[in-house]
Amino acid sequence: MVVSLFSQFDSPWLFSIPLVVLALLVPWKLFVSSGASWAGTRSSVLLESLLGMLMNQVMQPLSKKGFNWVVLLSSLMLMLMTLNVIGLFPYTFTPTTQLSMNLGLAVPLWLATVVYGFRNHPTVALAHLCPEGAPNLLIPVLVVVETLSILMRPLALGLRLTANLTAGHLLMHLISSAVLGLMELSVVLSGITLFLLVFLTMLEIAVALIQGYVFAILVTLYLDENL
Amino acid sequence: MLSRLAARSAAVVAQQNHGARVCVVAPSRLFHCSGQHGRPIEPLPEEGGKVRMGVFPEEWFQFFYKKTGVTGPYVFGTGLLATLMSKEYIIVNNEFIAGGIFVGFVVYCVRNFGPTVATYADKLRQERVDFIDNKKGRFLTDCENAIETEKKEQWRAEGVDYLFEAKKANVAMQLETAYRERVHEVSNAVKRRLDYQLDVENTQRRMAQEHMADWVVNNVVSSITPQQEKEAIAKCIEDLKRMAKAS
(Lines give C-alpha, C1' and ligand atoms only; values in the text may rest on other atoms or scores of the structure.)
Protein backbone atom coordinates (compact mmCIF):
# COMPACT_ATOMS: atom_id res chain seq x y z
CA MET A 1 0.00 0.00 0.00
CA VAL A 2 1.37 3.35 -1.03
CA VAL A 3 1.34 5.64 1.97
CA SER A 4 2.85 8.69 0.37
CA LEU A 5 4.75 9.84 -2.65
CA PHE A 6 8.09 9.10 -1.00
CA SER A 7 7.28 5.74 0.52
CA GLN A 8 8.70 4.07 -2.61
CA PHE A 9 12.15 5.26 -1.48
CA ASP A 10 11.95 3.65 1.96
CA SER A 11 14.61 1.02 2.47
CA PRO A 12 12.73 -2.30 2.72
CA TRP A 13 12.98 -4.39 5.86
CA LEU A 14 11.45 -7.78 6.57
CA PHE A 15 11.43 -8.90 10.22
CA SER A 16 14.51 -6.76 10.93
CA ILE A 17 16.35 -8.16 7.90
CA PRO A 18 17.44 -5.39 5.53
CA LEU A 19 16.30 -6.41 2.07
CA VAL A 20 18.49 -3.73 0.50
CA VAL A 21 21.29 -6.32 0.65
CA LEU A 22 19.26 -8.59 -1.62
CA ALA A 23 18.57 -5.65 -3.91
CA LEU A 24 22.29 -4.92 -4.16
CA LEU A 25 23.05 -8.56 -4.97
CA VAL A 26 20.77 -8.52 -8.03
CA PRO A 27 23.45 -7.41 -10.56
CA TRP A 28 25.86 -10.00 -9.21
CA LYS A 29 23.39 -12.85 -9.59
CA LEU A 30 21.81 -11.58 -12.79
CA PHE A 31 24.94 -11.82 -14.89
CA VAL A 32 26.09 -15.42 -14.59
CA SER A 33 28.74 -16.86 -16.86
CA SER A 34 27.10 -19.88 -18.34
CA GLY A 35 29.00 -23.14 -18.50
CA ALA A 36 26.46 -24.67 -20.87
CA SER A 37 28.79 -24.35 -23.83
CA TRP A 38 32.53 -23.87 -24.12
CA ALA A 39 31.99 -21.17 -26.73
CA GLY A 40 29.46 -19.42 -24.47
CA THR A 41 25.71 -19.09 -24.69
CA ARG A 42 23.98 -16.10 -26.29
CA SER A 43 23.64 -14.28 -22.98
CA SER A 44 27.24 -14.81 -21.89
CA VAL A 45 28.53 -13.75 -25.31
CA LEU A 46 26.36 -10.61 -25.23
CA LEU A 47 27.49 -9.83 -21.70
CA GLU A 48 31.12 -10.16 -22.70
CA SER A 49 30.51 -7.89 -25.66
CA LEU A 50 28.79 -5.35 -23.39
CA LEU A 51 31.60 -5.50 -20.85
CA GLY A 52 34.11 -5.02 -23.64
CA MET A 53 32.26 -1.90 -24.80
CA LEU A 54 32.09 -0.52 -21.25
CA MET A 55 35.77 -1.20 -20.68
CA ASN A 56 36.62 0.62 -23.90
CA GLN A 57 34.63 3.60 -22.71
CA VAL A 58 36.43 3.59 -19.37
CA MET A 59 39.86 3.11 -20.95
CA GLN A 60 39.54 5.99 -23.42
CA PRO A 61 40.23 8.90 -21.04
CA LEU A 62 42.88 6.97 -19.12
CA SER A 63 46.56 6.69 -19.79
CA LYS A 64 48.28 3.33 -19.47
CA LYS A 65 48.95 3.81 -15.77
CA GLY A 66 45.23 3.91 -15.08
CA PHE A 67 44.43 0.61 -16.74
CA ASN A 68 44.66 -1.10 -13.35
CA TRP A 69 41.42 0.67 -12.47
CA VAL A 70 39.49 -0.34 -15.58
CA VAL A 71 37.96 -3.51 -14.15
CA LEU A 72 36.76 -1.71 -11.02
CA LEU A 73 35.25 1.21 -12.91
CA SER A 74 33.61 -0.80 -15.66
CA SER A 75 32.06 -3.17 -13.14
CA LEU A 76 30.88 -0.12 -11.18
CA MET A 77 29.30 1.22 -14.37
CA LEU A 78 27.55 -2.07 -15.09
CA MET A 79 26.33 -2.38 -11.50
CA LEU A 80 24.87 1.13 -11.45
CA MET A 81 23.22 0.68 -14.85
CA THR A 82 21.69 -2.62 -13.75
CA LEU A 83 20.47 -1.30 -10.40
CA ASN A 84 18.93 1.72 -12.07
CA VAL A 85 17.15 -0.26 -14.78
CA ILE A 86 15.94 -2.99 -12.40
CA GLY A 87 14.50 -0.22 -10.22
CA LEU A 88 12.16 0.72 -13.03
CA PHE A 89 10.31 -2.57 -12.72
CA PRO A 90 7.10 -2.36 -10.70
CA TYR A 91 7.21 -2.90 -6.94
CA THR A 92 11.02 -2.93 -6.80
CA PHE A 93 13.39 -0.95 -4.67
CA THR A 94 16.14 1.13 -6.29
CA PRO A 95 19.17 1.26 -3.98
CA THR A 96 20.68 4.12 -5.96
CA THR A 97 17.90 6.47 -4.90
CA GLN A 98 19.47 6.45 -1.44
CA LEU A 99 21.92 9.31 -0.96
CA SER A 100 23.76 7.26 1.65
CA MET A 101 24.57 4.56 -0.87
CA ASN A 102 25.61 6.95 -3.60
CA LEU A 103 27.80 8.97 -1.29
CA GLY A 104 29.16 5.68 -0.01
CA LEU A 105 30.27 4.91 -3.56
CA ALA A 106 31.35 8.43 -4.53
CA VAL A 107 33.43 9.52 -1.52
CA PRO A 108 35.81 6.54 -1.32
CA LEU A 109 36.37 6.50 -5.08
CA TRP A 110 36.96 10.25 -5.26
CA LEU A 111 39.17 10.18 -2.18
CA ALA A 112 41.18 7.31 -3.63
CA THR A 113 41.92 9.32 -6.75
CA VAL A 114 42.93 12.40 -4.73
CA VAL A 115 45.13 10.43 -2.32
CA TYR A 116 46.68 8.57 -5.28
CA GLY A 117 47.59 11.87 -6.89
CA PHE A 118 48.93 13.47 -3.72
CA ARG A 119 50.91 10.38 -2.79
CA ASN A 120 52.59 9.78 -6.11
CA HIS A 121 53.27 13.31 -7.32
CA PRO A 122 52.20 15.87 -4.70
CA THR A 123 53.70 18.81 -6.56
CA VAL A 124 51.74 18.11 -9.72
CA ALA A 125 48.57 17.49 -7.73
CA LEU A 126 48.97 20.80 -5.93
CA ALA A 127 49.78 22.53 -9.20
CA HIS A 128 46.36 21.50 -10.52
CA LEU A 129 44.85 23.88 -7.99
CA CYS A 130 46.07 26.84 -10.02
CA PRO A 131 45.04 26.91 -13.70
CA GLU A 132 47.72 27.82 -16.20
CA GLY A 133 47.89 31.35 -17.46
CA ALA A 134 45.97 32.80 -14.55
CA PRO A 135 46.69 36.44 -13.60
CA ASN A 136 48.88 36.72 -10.52
CA LEU A 137 46.37 38.73 -8.53
CA LEU A 138 43.69 36.06 -8.97
CA ILE A 139 45.86 33.07 -8.00
CA PRO A 140 44.91 32.97 -4.29
CA VAL A 141 41.23 33.20 -5.12
CA LEU A 142 41.56 30.56 -7.84
CA VAL A 143 43.35 28.18 -5.51
CA VAL A 144 40.53 28.48 -2.99
CA VAL A 145 37.91 28.03 -5.69
CA GLU A 146 39.66 24.99 -7.16
CA THR A 147 40.03 23.43 -3.71
CA LEU A 148 36.34 23.95 -3.05
CA SER A 149 35.43 22.49 -6.42
CA ILE A 150 37.54 19.40 -5.70
CA LEU A 151 35.88 19.01 -2.31
CA MET A 152 32.45 19.35 -3.90
CA ARG A 153 33.08 16.57 -6.39
CA PRO A 154 31.96 13.59 -4.28
CA LEU A 155 28.86 15.45 -3.20
CA ALA A 156 28.05 16.28 -6.79
CA LEU A 157 28.66 12.70 -7.89
CA GLY A 158 26.39 11.21 -5.26
CA LEU A 159 23.73 13.85 -5.45
CA ARG A 160 23.56 13.78 -9.24
CA LEU A 161 22.75 10.10 -9.28
CA THR A 162 20.32 10.33 -6.36
CA ALA A 163 18.52 13.38 -7.67
CA ASN A 164 18.15 12.09 -11.23
CA LEU A 165 16.76 8.74 -10.19
CA THR A 166 14.59 10.10 -7.42
CA ALA A 167 13.16 12.75 -9.71
CA GLY A 168 12.49 10.19 -12.41
CA HIS A 169 10.76 7.79 -10.06
CA LEU A 170 8.69 10.60 -8.57
CA LEU A 171 7.66 11.79 -11.99
CA MET A 172 6.63 8.30 -13.04
CA HIS A 173 4.75 7.89 -9.78
CA LEU A 174 2.93 11.17 -10.29
CA ILE A 175 2.05 10.65 -13.92
CA SER A 176 0.89 7.08 -13.39
CA SER A 177 -1.22 8.31 -10.45
CA ALA A 178 -2.59 10.95 -12.79
CA VAL A 179 -3.46 8.28 -15.36
CA LEU A 180 -5.41 6.36 -12.73
CA GLY A 181 -7.03 9.45 -11.32
CA LEU A 182 -8.04 10.89 -14.70
CA MET A 183 -9.54 7.59 -15.81
CA GLU A 184 -12.72 8.34 -13.88
CA LEU A 185 -12.90 11.94 -15.07
CA SER A 186 -11.88 11.78 -18.70
CA VAL A 187 -10.69 8.73 -20.58
CA VAL A 188 -9.20 10.90 -23.33
CA LEU A 189 -7.09 12.87 -20.91
CA SER A 190 -6.09 9.65 -19.20
CA GLY A 191 -5.05 8.25 -22.58
CA ILE A 192 -2.95 11.32 -23.34
CA THR A 193 -1.28 11.04 -19.95
CA LEU A 194 -0.68 7.36 -20.60
CA PHE A 195 0.93 8.28 -23.92
CA LEU A 196 3.14 10.74 -22.03
CA LEU A 197 3.97 8.02 -19.52
CA VAL A 198 5.22 5.78 -22.35
CA PHE A 199 7.73 8.41 -23.43
CA LEU A 200 8.63 9.13 -19.83
CA THR A 201 9.37 5.43 -19.30
CA MET A 202 11.68 5.42 -22.31
CA LEU A 203 13.35 8.56 -20.99
CA GLU A 204 13.75 6.99 -17.56
CA ILE A 205 15.42 3.91 -19.04
CA ALA A 206 17.81 6.18 -20.93
CA VAL A 207 18.48 8.27 -17.80
CA ALA A 208 19.10 5.12 -15.78
CA LEU A 209 21.73 3.95 -18.25
CA ILE A 210 23.30 7.36 -18.73
CA GLN A 211 23.56 8.15 -15.02
CA GLY A 212 25.46 4.93 -14.39
CA TYR A 213 27.75 5.77 -17.30
CA VAL A 214 28.28 9.36 -16.13
CA PHE A 215 29.14 8.33 -12.57
CA ALA A 216 31.85 5.95 -13.68
CA ILE A 217 33.21 8.23 -16.40
CA LEU A 218 33.51 11.14 -13.98
CA VAL A 219 35.47 8.97 -11.57
CA THR A 220 37.66 7.99 -14.54
CA LEU A 221 38.26 11.65 -15.37
CA TYR A 222 39.11 12.48 -11.77
CA LEU A 223 41.52 9.56 -11.80
CA ASP A 224 43.08 10.68 -15.06
CA GLU A 225 43.79 14.10 -13.53
CA ASN A 226 45.68 12.47 -10.70
CA LEU A 227 47.65 9.84 -12.61
CA MET B 1 28.25 -26.10 7.87
CA LEU B 2 26.58 -27.09 11.12
CA SER B 3 28.30 -30.48 11.02
CA ARG B 4 31.65 -28.74 10.82
CA LEU B 5 30.68 -26.54 13.76
CA ALA B 6 29.67 -29.60 15.76
CA ALA B 7 32.92 -31.39 14.96
CA ARG B 8 34.98 -28.33 15.87
CA SER B 9 33.22 -27.80 19.20
CA ALA B 10 33.46 -31.49 20.01
CA ALA B 11 37.21 -31.38 19.31
CA VAL B 12 37.59 -28.36 21.62
CA VAL B 13 35.71 -30.15 24.42
CA ALA B 14 37.83 -33.24 23.93
CA GLN B 15 41.00 -31.18 24.25
CA GLN B 16 39.92 -29.75 27.56
CA ASN B 17 40.35 -33.21 29.11
CA HIS B 18 37.11 -33.33 30.96
CA GLY B 19 36.30 -36.28 33.10
CA ALA B 20 33.41 -37.23 30.88
CA ARG B 21 34.24 -39.17 27.78
CA VAL B 22 33.59 -37.24 24.63
CA CYS B 23 32.84 -38.92 21.38
CA VAL B 24 34.31 -36.75 18.65
CA VAL B 25 32.46 -37.26 15.45
CA ALA B 26 34.89 -36.85 12.60
CA PRO B 27 33.54 -35.40 9.37
CA SER B 28 31.90 -38.25 7.52
CA ARG B 29 33.73 -37.53 4.29
CA LEU B 30 36.02 -35.08 2.61
CA PHE B 31 34.37 -34.00 -0.58
CA HIS B 32 37.47 -33.61 -2.72
CA CYS B 33 38.65 -37.12 -1.80
CA SER B 34 35.28 -38.80 -2.16
CA GLY B 35 33.82 -40.44 -5.21
CA GLN B 36 31.48 -37.51 -5.83
CA HIS B 37 34.35 -35.21 -6.78
CA GLY B 38 34.67 -34.89 -10.51
CA ARG B 39 31.29 -36.46 -11.16
CA PRO B 40 30.54 -36.19 -14.86
CA ILE B 41 27.96 -33.49 -15.48
CA GLU B 42 25.35 -34.00 -18.14
CA PRO B 43 25.79 -31.48 -20.91
CA LEU B 44 23.12 -28.79 -20.92
CA PRO B 45 21.08 -28.51 -24.09
CA GLU B 46 22.22 -25.88 -26.58
CA GLU B 47 18.81 -24.29 -26.87
CA GLY B 48 16.36 -23.64 -24.07
CA GLY B 49 12.97 -25.29 -23.70
CA LYS B 50 9.95 -24.11 -25.66
CA VAL B 51 7.87 -21.41 -24.03
CA ARG B 52 4.52 -19.79 -24.67
CA MET B 53 4.05 -16.06 -24.28
CA GLY B 54 7.75 -15.74 -23.57
CA VAL B 55 7.72 -17.03 -20.00
CA PHE B 56 5.46 -20.07 -19.55
CA PRO B 57 7.14 -23.43 -20.28
CA GLU B 58 5.43 -25.73 -22.76
CA GLU B 59 5.53 -28.53 -20.19
CA TRP B 60 2.92 -26.73 -18.04
CA PHE B 61 0.48 -26.72 -20.95
CA GLN B 62 1.14 -30.40 -21.62
CA PHE B 63 0.54 -31.09 -17.94
CA PHE B 64 -2.90 -29.51 -18.20
CA TYR B 65 -3.75 -30.94 -21.61
CA LYS B 66 -4.88 -34.42 -20.52
CA LYS B 67 -7.39 -33.15 -17.98
CA THR B 68 -8.52 -29.83 -19.34
CA GLY B 69 -7.66 -29.77 -23.01
CA VAL B 70 -6.15 -26.87 -24.93
CA THR B 71 -7.93 -24.00 -23.14
CA GLY B 72 -7.31 -25.34 -19.64
CA PRO B 73 -4.06 -23.49 -18.88
CA TYR B 74 -5.43 -20.22 -20.21
CA VAL B 75 -8.59 -20.48 -18.10
CA PHE B 76 -6.45 -21.34 -15.10
CA GLY B 77 -4.19 -18.35 -15.72
CA THR B 78 -7.05 -15.95 -16.17
CA GLY B 79 -8.80 -17.26 -13.10
CA LEU B 80 -5.62 -17.02 -11.04
CA LEU B 81 -5.06 -13.45 -12.18
CA ALA B 82 -8.66 -12.55 -11.42
CA THR B 83 -8.43 -14.13 -7.96
CA LEU B 84 -5.22 -12.35 -7.11
CA MET B 85 -6.65 -9.04 -8.26
CA SER B 86 -9.90 -9.54 -6.42
CA LYS B 87 -8.07 -10.45 -3.22
CA GLU B 88 -5.86 -7.44 -3.81
CA TYR B 89 -2.65 -9.40 -3.90
CA ILE B 90 -2.08 -7.60 -7.19
CA ILE B 91 -3.15 -4.04 -6.59
CA VAL B 92 -4.07 -1.83 -9.51
CA ASN B 93 -2.40 1.34 -8.41
CA ASN B 94 -0.07 3.81 -10.06
CA GLU B 95 2.82 1.36 -9.93
CA PHE B 96 0.76 -1.23 -11.76
CA ILE B 97 0.20 1.23 -14.61
CA ALA B 98 3.86 2.26 -14.68
CA GLY B 99 4.97 -1.35 -14.46
CA GLY B 100 2.64 -2.35 -17.25
CA ILE B 101 4.04 0.36 -19.49
CA PHE B 102 7.59 -0.68 -18.63
CA VAL B 103 6.90 -4.38 -19.24
CA GLY B 104 5.14 -3.50 -22.49
CA PHE B 105 8.17 -1.50 -23.59
CA VAL B 106 10.47 -4.39 -22.72
CA VAL B 107 8.26 -6.83 -24.67
CA TYR B 108 8.22 -4.44 -27.63
CA CYS B 109 12.03 -4.20 -27.59
CA VAL B 110 12.42 -7.96 -27.31
CA ARG B 111 10.02 -8.65 -30.19
CA ASN B 112 11.49 -5.96 -32.45
CA PHE B 113 15.17 -6.14 -31.67
CA GLY B 114 15.36 -9.67 -30.32
CA PRO B 115 16.11 -11.41 -33.64
CA THR B 116 18.78 -8.82 -34.51
CA VAL B 117 20.46 -9.17 -31.14
CA ALA B 118 20.21 -12.96 -31.34
CA THR B 119 21.81 -12.94 -34.80
CA TYR B 120 24.60 -10.69 -33.50
CA ALA B 121 25.16 -12.97 -30.49
CA ASP B 122 25.21 -16.03 -32.74
CA LYS B 123 27.69 -14.26 -35.02
CA LEU B 124 29.99 -13.49 -32.07
CA ARG B 125 29.71 -17.05 -30.86
CA GLN B 126 30.36 -18.43 -34.33
CA GLU B 127 33.48 -16.24 -34.66
CA ARG B 128 34.79 -17.77 -31.46
CA VAL B 129 33.98 -21.28 -32.66
CA ASP B 130 35.56 -20.56 -36.06
CA PHE B 131 38.69 -19.20 -34.41
CA ILE B 132 39.09 -22.39 -32.39
CA ASP B 133 38.20 -24.53 -35.41
CA ASN B 134 40.76 -22.70 -37.54
CA LYS B 135 43.34 -23.22 -34.86
CA LYS B 136 42.35 -26.87 -34.69
CA GLY B 137 42.37 -27.06 -38.50
CA ARG B 138 45.82 -25.50 -38.70
CA PHE B 139 47.06 -27.85 -36.03
CA LEU B 140 45.61 -30.83 -37.94
CA THR B 141 47.24 -29.60 -41.16
CA ASP B 142 50.55 -29.19 -39.38
CA CYS B 143 50.24 -32.71 -37.97
CA GLU B 144 49.43 -34.14 -41.42
CA ASN B 145 52.40 -32.30 -42.92
CA ALA B 146 54.58 -33.63 -40.13
CA ILE B 147 53.34 -37.18 -40.88
CA GLU B 148 54.15 -36.75 -44.57
CA THR B 149 57.57 -35.40 -43.76
CA GLU B 150 58.20 -38.29 -41.39
CA LYS B 151 57.18 -40.83 -44.06
CA LYS B 152 59.50 -39.16 -46.55
CA GLU B 153 62.33 -39.28 -44.04
CA GLN B 154 61.67 -42.97 -43.48
CA TRP B 155 61.76 -43.57 -47.25
CA ARG B 156 65.01 -41.66 -47.37
CA ALA B 157 66.38 -43.74 -44.53
CA GLU B 158 65.61 -46.93 -46.49
CA GLY B 159 67.65 -45.69 -49.44
CA VAL B 160 70.55 -44.59 -47.30
CA ASP B 161 72.40 -47.95 -47.86
CA TYR B 162 72.53 -47.32 -51.59
CA LEU B 163 73.65 -43.82 -50.89
CA PHE B 164 76.45 -45.07 -48.69
CA GLU B 165 77.52 -47.63 -51.34
CA ALA B 166 77.57 -44.95 -53.99
CA LYS B 167 79.55 -42.69 -51.71
CA LYS B 168 81.98 -45.50 -50.92
CA ALA B 169 82.46 -46.18 -54.64
CA ASN B 170 82.91 -42.50 -55.22
CA VAL B 171 85.48 -42.26 -52.48
CA ALA B 172 87.28 -45.37 -53.75
CA MET B 173 87.37 -43.87 -57.23
CA GLN B 174 88.77 -40.68 -55.87
CA LEU B 175 91.38 -42.58 -53.92
CA GLU B 176 92.29 -44.57 -57.01
CA THR B 177 92.57 -41.40 -59.03
CA ALA B 178 94.75 -39.79 -56.41
CA TYR B 179 96.90 -42.91 -56.23
CA ARG B 180 97.39 -43.03 -59.98
CA GLU B 181 98.21 -39.38 -60.08
CA ARG B 182 100.85 -39.83 -57.44
CA VAL B 183 102.26 -42.89 -59.17
CA HIS B 184 102.44 -40.91 -62.40
CA GLU B 185 104.11 -38.08 -60.56
CA VAL B 186 106.59 -40.41 -58.99
CA SER B 187 107.43 -42.03 -62.29
CA ASN B 188 107.84 -38.63 -63.87
CA ALA B 189 110.15 -37.55 -61.10
CA VAL B 190 112.18 -40.74 -61.32
CA LYS B 191 112.39 -40.45 -65.11
CA ARG B 192 113.55 -36.88 -64.79
CA ARG B 193 116.26 -37.89 -62.38
CA LEU B 194 117.32 -40.78 -64.57
CA ASP B 195 117.30 -38.56 -67.66
CA TYR B 196 119.42 -36.14 -65.76
CA GLN B 197 121.90 -38.82 -64.87
CA LEU B 198 121.89 -40.01 -68.49
CA ASP B 199 122.45 -36.52 -69.74
CA VAL B 200 125.24 -36.04 -67.27
CA GLU B 201 126.94 -39.23 -68.47
CA ASN B 202 126.41 -38.43 -72.12
CA THR B 203 127.78 -34.98 -71.57
CA GLN B 204 130.74 -36.35 -69.73
CA ARG B 205 131.37 -38.91 -72.51
CA ARG B 206 130.98 -36.32 -75.19
CA MET B 207 133.27 -33.96 -73.39
CA ALA B 208 135.76 -36.75 -72.90
CA GLN B 209 135.50 -37.68 -76.59
CA GLU B 210 135.94 -34.12 -77.67
CA HIS B 211 138.76 -33.63 -75.28
CA MET B 212 140.42 -36.79 -76.55
CA ALA B 213 139.88 -35.84 -80.15
CA ASP B 214 141.25 -32.41 -79.50
CA TRP B 215 144.19 -33.88 -77.60
CA VAL B 216 144.93 -36.29 -80.43
CA VAL B 217 144.60 -33.60 -83.04
CA ASN B 218 146.71 -31.20 -81.06
CA ASN B 219 149.34 -33.85 -80.48
CA VAL B 220 149.32 -34.83 -84.13
CA VAL B 221 149.50 -31.24 -85.23
CA SER B 222 152.24 -30.53 -82.81
CA SER B 223 154.11 -33.65 -83.91
CA ILE B 224 154.17 -32.48 -87.50
CA THR B 225 157.62 -30.93 -88.09
CA PRO B 226 158.09 -28.05 -90.56
CA GLN B 227 160.16 -30.38 -92.83
CA GLN B 228 157.27 -32.88 -92.92
CA GLU B 229 154.88 -30.10 -93.63
CA LYS B 230 156.93 -28.84 -96.51
CA GLU B 231 157.29 -32.36 -97.90
CA ALA B 232 153.57 -32.86 -97.56
CA ILE B 233 152.76 -29.67 -99.36
CA ALA B 234 155.27 -30.50 -102.14
CA LYS B 235 153.73 -33.95 -102.50
CA CYS B 236 150.27 -32.39 -102.71
CA ILE B 237 151.45 -30.00 -105.41
CA GLU B 238 152.96 -32.84 -107.41
CA ASP B 239 149.78 -34.82 -107.10
CA LEU B 240 147.75 -31.89 -108.26
CA LYS B 241 149.98 -31.35 -111.20
CA ARG B 242 149.75 -35.00 -112.16
CA MET B 243 145.99 -34.95 -111.87
CA ALA B 244 145.82 -31.84 -113.92
CA LYS B 245 147.89 -33.49 -116.54
CA ALA B 246 145.75 -36.60 -116.44
CA SER B 247 142.59 -34.65 -116.79
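Select Arg156(B) and Glu153(B) to start: their side chains form a salt bridge whose closest N and O atoms are 2.8 Å apart, a salt bridge being a side-chain nitrogen of Lys or Arg within 4 Å of a carboxyl oxygen of Asp or Glu. This is a predicted model, in which local features need pLDDT of at least 70 and side-chain atom pairs count only at pLDDT 80 or more, while totals for chains, interfaces and linings use all residues. Side-chain values use heavy atoms, with hydrogens and water left out, residues are numbered from 1 along each chain as its sequence is written, and chains are lettered from A and ligands numbered from 1 in the order in which they are written.

Both residues of this pair lie in helix H4 of chain B, 3 residues apart, about one turn of the helix; helices (H or I, at least four residues) and strands (E, at least two) are DSSP runs, numbered from the N terminus. Arg156(B) is partly exposed at 46% relative accessibility, and Glu153(B) is partly exposed at 39%, where buried means under 20% relative accessible area, exposed over 50%, and partly exposed in between (1.4 Å probe, protein chains only).

Stay in helix H4 of chain B (residues 94–158) and select Glu127(B) with Lys123(B), which are 4 residues apart, about one turn of the helix. The closest N and O atoms of their salt bridge are 3.6 Å apart.

Next, move to helix H6 of chain B (residues 226–246), where Arg242(B) and Asp239(B) are 3 residues apart and thus separated by about one helical turn. Their side chains meet in a salt bridge at 2.3 Å, N to O. Over all chains, the structure holds 11 salt bridges.

Now turn to chain A and select Leu73(A), Leu76(A), Met77(A), Leu157(A) and Phe215(A), the residues with the most contacts inside the largest nonpolar core, which has 32 residues. Such a core is a set of buried Ala, Val, Leu, Ile, Met, Phe, Trp, Tyr and Cys residues joined through side-chain atoms within 4.5 Å. Of the helices in chain A, H3(A) gives the most to this core, with 8 residues.

Centre on Phe215(A), which touches residues including Leu80(A), Asn102(A), Leu105(A) and Leu161(A), not counting residues up to four places away in sequence; contact means heavy atoms within 4.5 Å. Finish at another core, of 12 residues, that lies apart from the largest one and has among its members Val179(A), Ala208(A), Ile97(B) and Ala98(B).
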